[in-house]
Amino acid sequence: MIEPSDIHAAQILIVDDQEANVMLLEQMLANAGYTNVHSTMDPFQVAGLHLANHYDLILLDLQMPGMDGFAVLQALHDIEPDGYVPVLVVTAQPTHKLRALQAGAKDFIGKPFDLLEVETRIQNMLEVRLLHRKLRRYNQQLEFTVLERTAQLRESEARFQRFAELSTDWYWEQDADGQLVNCHGPVADMVGLSGAATGGWDVAERAELEANIADRKPFLDFIYSRTADSGAVQYLQVSGEPVFDEASRFIGYRGVGRDVTAMALLFSARESASA
């Protein structure tokens, strides 16, 4: 919503080679409560003035010597970053109205002036212009917020992965097809992912782990074992969780794990001693 105070504070430029017309429009705008009204009778200055001041509305006479209003419209169009030229043309020639609109003008008023019509058209154009600017600022802020949140998310994920790397023997990620897509540590050798040999695994424990993954279930501190060719038993502890995208589609698993063989053997030895 655009407040009346915002409209009355808008920057307006009057461009007309006739001083009487400039004075009439200035007086009319002052009586209507507009406080930032500027003027020039030199059409060659318009593009530079607009580039410096970014007017919310330009009241532009079409018939001027040296540089007519159509040439001014072209110059303004060349410097507007978003292609929106905030021009209300002033003309006594009805045949010029369509050409002016095709050249980029947003509306027109005729000569001689109907002051009520002029005031109404100016207010309507300013409201549209200010809404246009407000929407553009909102979109820019939204884009900045998305980029900022994305950067924060990536930083958070990087911290999580770094923490996992420091506190565990390995960190791993799988895609929806079970293929290893990211890892830290000897994951393939330790957990049998991505085509690694699975010989020596405890069949029942391995089946339980694979069933969890197939059902998209998380698992925490799951301990399973494997027997090496030498006969030594290795104990592994792994935690994992399914990952879903914004549309709730399963896209894989991620998790951490560590070798707990020493801990398991120590516990087993204590149990034997106490027995």
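This is a predicted model: local features need pLDDT of at least 70, side-chain atom pairs count only at pLDDT 80 or more; totals for chains, interfaces and linings use all residues.

## Nonpolar packing and aromatic pairs

Inside the structure, the largest nonpolar core has 22 residues, of which Ile12, Leu29, Tyr34, Leu57, Leu59, Ile122 and Leu126 touch the most other members. At least two residues of this core come from each of strand E1 (11-15), helix H2 (19-31), strand E3 (57-61), strand E4 (87-91) and helix H6 (115-167), and H6 gives the most, with 5 residues. Once neighbours within four places in sequence are left aside, Leu57 is in contact with Gln11, Ile12, Leu13, Pro86, Leu88, Ile122, Met125 and Leu126. Another core, of 19 residues, lies apart from the largest one and includes Val15, Phe70, Leu73 and Ala100.

The aromatic pairs number 4, and two of them are set out here.

| Pair | Centre to centre | Angle between planes | Arrangement |
|---|---|---|---|
| Phe219 and Tyr253 | 6.0 Å | 25 degrees | stacked |
| Phe222 and Tyr224 | 5.9 Å | 40 degrees | tilted |

The pair of Phe219 and Tyr253 counts as stacked because the ring planes stand at 25 degrees, where the cut-off is under 30 degrees. This pair links distant parts of the chain, with Phe219 in strand E8 (residues 219-227) and Tyr253 in strand E10 (residues 250-259), 34 residues apart. Phe219 and Tyr253 are both buried, and Phe222 and Tyr224 are buried too. Ring pairs also join Phe219, Phe244, Phe250 and Tyr253 into a cluster.

Terms used
Residues are numbered from 1 along each chain as its sequence is written. Side-chain values use heavy atoms; hydrogens and water are left out. A nonpolar core is a set of buried Ala, Val, Leu, Ile, Met, Phe, Trp, Tyr and Cys residues joined through side-chain atoms within 4.5 Å. Buried means under 20% relative accessible area, exposed over 50%, partly exposed in between (1.4 Å probe, protein chains only). Helices (H or I, at least four residues) and strands (E, at least two) are DSSP runs, numbered from the N terminus. Contact means heavy atoms within 4.5 Å. Rings of Phe, Tyr and Trp (its six-membered ring) pair if their centres lie within 6.5 Å; planes under 30 degrees apart count as stacked, over 60 as edge-to-face and the rest as tilted.
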